[in-house]
Amino acid sequence: MNKEDALQEFLKGLRISFNNALAYSRNHPYFIKSVEDFKSRIELLFNFVKPVNINIGPDYLLLEGKKYTVPAMYSELAQFFHQRKIKSIELRPGVSVEELADLLSILALSPKDIIKNGGLTKLLN
């Protein structure tokens, strides 16, 4: 697997696990399985990129200097994060499945719920 394939797999895993975070509770088996799969895709990407930095625009994700807008799932994912005022995400080696599940569960909250609970910083702490 090369770097571009690893980036594509990472983005697919992000989309799948985020969709499952939107659809299922934090402890649901489908959600947990998707996060475990996403973690393995991150580990593959760490062979090429450490840490993984995702910069977020209104309709694109920027990884390793490349804008991802097509297919539409990338721009939709960027829009979800942009609505939640997230400008970037950094994943470092050693991130656990639990930490990823927590992050995705929090990101799946509606912007209103995020604000009501004190913002992303407070929720992530």
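Reader: At what angle do helix H1 (residues 3-23) and helix H3 (residues 72-83) pack?
Author: In this predicted model, H1 and H3 pack at about 55°, with their axes 11 Å apart. Local features require pLDDT of at least 70 and side-chain atom pairs pLDDT 80 or more, while totals for chains, interfaces and linings use all residues. Residues are numbered from 1 along each chain, and side-chain values use heavy atoms, without hydrogens and water.

Reader: Why is H1 called oblique to H3?
Author: Angles under 35 degrees count as roughly parallel, over 145 as roughly antiparallel, 65 to 115 as roughly perpendicular and the rest as oblique. The angle of about 55° therefore makes H1 oblique to H3.

Reader: Which residues of H1 make the contact with H3?
Author: Gln8, Leu11, Lys12, Leu14, Arg15, Phe18 and Leu22 of H1 do so (contact: heavy atoms within 4.5 Å), against Met73, Tyr74, Glu76, Leu77, Phe80 and Phe81 of H3.

Reader: What makes H1 roughly antiparallel to H2?
Author: The axes of H1 and H2 cross at roughly 160° and come within 8 Å. That angle therefore makes H1 roughly antiparallel to H2. In H1, Glu9, Phe10, Lys12, Gly13 and Ile16 are among the residues that meet H2, where Arg41 is one of the partners.

Reader: Is Arg41 buried or exposed?
Author: Arg41 lies in helix H2 (residues 29-46). Its relative accessible area is 14%, and buried means under 20%, exposed over 50% and partly exposed in between, with a 1.4 Å probe and protein chains only. Arg41 is therefore buried.

Reader: What joins the side chains of Arg41 and Asp37?
Author: A polar contact of 2.9 Å joins the side chains of Arg41 and Asp37; the term requires a pair of N or O atoms within 3.5 Å, one able to donate a hydrogen and the other to accept it within protein.

Technical notes. Axes are lines fitted to C-alpha atoms, for helices over the stretch in contact, and angles run from 0 to 180 degrees between N-to-C directions. Helices (H or I, at least four residues) and strands (E, at least two) are DSSP runs, numbered from the N terminus.
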